[in-house]
Amino acid sequence: MQGAKVFHIMANLSDKNEFNVAGKYYVDSQCIGCALCTQTAEECFALSDTGCAFVQKQPSGDAEDAKCVEAMESCPVQAIGNDGE
Ligand code: SF4
């Protein structure tokens, strides 16, 4: 057997959607608009008119950052990324 089967879906920085503000967290085009992140970290995530979530504000402080991490880990399609910058 050659290679490994890769089923893990990860957010893709090059697929980042157009609505995100600049910064480390982003939502990519895999978002299915379930609104979970907007409930988990409502300060930072919002839904666009097209039903796609985006980062409306990067977190300020540890509490907001922790919510963003929770949102990222809870996203059912792993559409939230953190590029570390
Ligand atoms: S949790 Fe994931 S799929 Fe749901 S709205 Fe947020 S980014 Fe989109």
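Predicted model: local features only at pLDDT ≥ 70, side-chain atom pairs only at ≥ 80, totals over all residues.
Figure 1. F45 touches V27, C37, T38, F54, V55, Q56, C68, A71 and I80, leaving out residues up to four places away in sequence. F45 is also part of the largest nonpolar core, where V27, F45 and I80 are the residues with the most contacts inside the core.

**Figure 2. The largest nonpolar core.** This core has 16 residues. Two or more residues are given to this core by each of β1 (25–27), β3 (53–55) and α2 (62–74). Two of the residues with the most contacts inside the core, V27 and I80, are also touched by F45.

Figure 3. The ligand is surrounded by 13 residues, and the closest are C31, C34, A35, C37 and C75. Sorted by class, the shell holds 12 nonpolar residues and one polar residue, with no charged residues. The largest cavity is the space that the ligand takes up. C37, one of the closest residues to the ligand, is in contact with F45 as well.

**Figure 4. E73 in helix α2.** E73 counts as exposed because its relative accessibility is 63%, and the cut-off for exposed is over 50%. E73 and C37 are 36 residues apart in sequence, while the distance between their C-alpha atoms is 9.6 Å.

**Figure 5. S48 in the loop between β2 and β3.** The strand β2 covers residues 45–47. S48 is buried, because its relative accessible area is 11% and buried means under 20%. Apart from neighbours within four places in sequence, S48 is in contact with F19 and F54. F54 is also among the residues that F45 touches.

**Figure 6. D83 in the segment after β4.** The strand β4 covers residues 80–82. D83 has a relative accessibility of 28%, so this residue counts as partly exposed, the class between under 20% and over 50%. Not counting residues up to four places away in sequence, D83 touches L13, G23, K24 and Y26.

Technical notes
Residues numbered from 1 in each chain as written. Heavy atoms only, no water. Helix = DSSP H or I, 4+ residues; strand = E, 2+ residues; numbered from the N terminus. Buried < 20%, exposed > 50% of the residue type's maximum accessible area, 1.4 Å probe, protein only. Contact = heavy atoms within 4.5 Å. Core = buried A, V, L, I, M, F, W, Y, C linked by side-chain atoms within 4.5 Å. Near = heavy atom within 4 Å. 1 Å grid on protein atoms, 1.4 Å probe; cavity = no way out; pocket = protein on both sides within 12 Å on 5 of 7 lines; lining within 4 Å. Sits in = over half its atoms within 2 Å of the grid points. Nonpolar A, V, L, I, M, F, W, Y, C, P; charged D, E, K, R; others polar.
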